[in-house]
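Please keep the sequence and the three-dimensional view at hand while reading.

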Amino acid sequence: MTPSPSALALLTPDEMAAVDRAAIAGGASGPALMRAAGAAVARALRKRFRPCRTLILAGPGNNGGDGYVVARLLEREGWPVSVAALAPPRPGSDAAMAAAEWRGPVLPFTPETLARAQLVVDALFGAGLSRELDGPAAAALRAVRVPLVAVDVPSGLDGATGEPRGFAPQAALTVTFGRLKPGHLLLPGRELCGEVVLADIGLPEAALASVAPRAFRNAPGLWRLPERGAQHHKFSHGHVTIPGGAAMPGAARLAAMSARRIGAGLVTLAAEDTATATLFRQGEPGLLVSAPPPEDLLADERRSAWVLGPGLPPRPETLALLRRVVEAGRHVVADGGALTAAAGQPHTLQGAAILTPHAGEFAKVFGALRRDRLAAARMAAAVTGAVVVLKGSDSIIAAPDGRAAINNNAPPALATAGSGDVLAGLAGGLLAQNLPPFEAACAAAWLHGQAATLALAGAAPGTPLVAEDLLPQLRAAWIAATR
Ligand SMILES: NC(=O)C1=CN([C@@H]2O[C@H](COP(=O)(O)OP(=O)(O)OC[C@H]3O[C@@H](n4cnc5c(N)ncnc54)[C@H](O)[C@@H]3O)[C@@H](O)[C@H]2O)[C@H](O)CC1
Ligand SMILES: [K+]
């Protein structure tokens, strides 16, 4: 079933804390939320582990408070549980109440205590992490050699960025509350969390609605593929033009084949010379091939979407073509050579609809990637006015207005030659069908990941993939997106 956009919303730890405050201001009970959070952790944990010597590492804040609730609930079921507290909760806090209800053993926060545990619950820090993890907390988490269950996030992981601050442990399971955080999806956070369970702890809808989400998990529901009615004809599905160079003609061909398969009405490969045109004509019979200079094609207004970059040389001529197409008011996907040609001059990409840099291209255009890649992608979108797809296993799609989506359906095998050309073609094909740039970019990234997942169905981990394998899966990916 297609999830609703609110179910796809991601909230940063600060936004989640604001929801929490709104909930309590609106009459919800802090201790009740904490009991629900602890109960959700205990439930997820019981489902996956058998009773064993369990050590709860409790921090001084509400994350620790959740930990005391877990301790109490597990002990009630006969689990051998003890707590090691890094620091006592602030007197009078909800966490202090939860701690007071824990009557079981409290052990010193030492390596010896940890060495006896068979399972560790990490309830040191969650949304309140305010600085790098260091001292005894970091030392203890570094020493864990048994399965670790994280409350909200593995302590030290920045829920806003997916980056560890100082250190964050590897969890087998992470149970989080209300909404996923960007850090559960962004690498390396996504891997450090292990399995992620999102638990409903009864936060009132009004409190959740009081914070407008700016980040989303990328999935159908965030966007809708174009509908096709009986009255439509090929021109109503747009015309994609893709200039192709002699050096790497395969790149433009892959983009063109992808644009066709995702529903573009017409797709033209604009060859840079007659030899390349001859080569292009040997390809798919349904592709249009043109030999004159691509600029000449701008006279035809119906050529609404252009994919510029796959296989094009990173030369000033490529950038000049991009400027001309943008100034003619066409929707442009800039990729590969068009991005590299704009190295150090991001303003030259203004007016493009979608940019699809991988990390290396991103750094060339916008400067070294910061640790907070979500912020970096948003900055690039704001500077260029384009939707930026920062490609990776956790592709980030950022819009100039601050909206961002994080893609998590792409298998690692997708990092293969030609894969980016397919993505650019999908984005161009969807722009041609009048999807707005953010929706087109998100849908393209998801369909791309889904096609790869389908191509690898049943294959052992590590099975390689080539870009051509994606093409026959695009129809099934489309069907999966419209179910
Ligand atoms: N709405 C919800 O999702 C609910 C979440 N719950 C849990 O509450 C935590 C957040 O609790 P909070 O008290 O705000 O923060 P923390 O417990 O993460 O930590 C605060 C505490 O820790 C100190 N501190 C922060 N960073 C460090 C550091 N690196 N080293 C040492 N000390 C640090 C800080 O000064 C504070 O004293 C959320 O994650 C959920 O687990 C609720 O229980 C239910 C509702
Ligand atoms: K934690």
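How many nonpolar, polar and charged residues does the lining of the largest pocket have? The lining has 20 nonpolar, eight polar and eleven charged residues; here Ala, Val, Leu, Ile, Met, Phe, Trp, Tyr, Cys and Pro count as nonpolar, Asp, Glu, Lys and Arg as charged, and the others, Gly among them, as polar.

**Basis of the model**

This is a predicted model, in which local features need pLDDT of at least 70 and side-chain atom pairs count only at pLDDT 80 or more, while totals for chains, interfaces and linings use all residues. Residues are numbered from 1 along each chain as its sequence is written, chains are lettered from A and ligands numbered from 1 in the order in which they are written, and side-chain values use heavy atoms, with hydrogens and water left out. The protein chain averages a pLDDT (the predictor's confidence in each residue, from 0 to 100) of 96, and 99% of the residues score at least 70. For the complex, the predictor gives an ipTM of 0.98 and a pTM of 0.96.

**Annotated domain**

An unreviewed UniProt entry places the feature "domain: YjeF N-terminal" at residues 16-209; UniProt positions are given in the numbering used here, feature names are shortened, and annotations may be inferred rather than shown by experiment. Over residues 16-209 the chain is 40% helix and 16% strand, where helices (H or I, at least four residues) and strands (E, at least two) are DSSP runs, numbered from the N terminus. The end C-alpha atoms of residues 16-209 are 11 Å apart.

**Pockets and cavities**

Both kinds of space are found on a 1 Å grid over the protein atoms alone: a cavity is a set of points where a 1.4 Å probe fits but cannot get out, and a pocket is an open set with protein on both sides within 12 Å along at least five of seven lines. Lining residues have an atom within 4 Å of a point. Grid points are joined across faces, edges and corners, and a volume is the space filled by probe spheres set on the points.

| Space | Volume |
|---|---|
| Largest pocket | about 1,000 Å³ |
| Second largest pocket | about 550 Å³ |
| Largest cavity | about 70 Å³ |
| Second largest cavity | about 30 Å³ |

The largest pocket is lined by 39 residues, and Gly 61, Asn 62, Asn 63, Ala 127 and Gly 128 lie nearest its centre. Helix α2 gives the most to this lining, with seven residues.

The second largest pocket is lined by 32 residues, of which His 358, Lys 391, Thr 416, Ser 419 and Gly 420 are the closest to its centre. Its lining divides into 13 nonpolar, 15 polar and four charged residues, and α17 gives the most, with four residues.

Residues lining the largest cavity include Arg 35, Arg 72, Asp 94 and Glu 101, and α3, α4 and α5 each supply at least two residues of that lining. Among the residues that line the second largest cavity are Asp 152 and Lys 181.

**Leu 148**

Leu 148 belongs to strand β6 (residues 148-151). With a relative accessible area of 1%, Leu 148 is buried (under 20% relative accessible area; exposed is over 50%, partly exposed in between, with a 1.4 Å probe and protein chains only). Val 120 is 28 residues away along the chain, yet its C-alpha atom and that of Leu 148 are separated by 4.7 Å. Leaving aside neighbours within four places in sequence, Leu 148 is in contact (heavy atoms within 4.5 Å) with residues including Val 120, Asp 122, Leu 141 and Pro 169.
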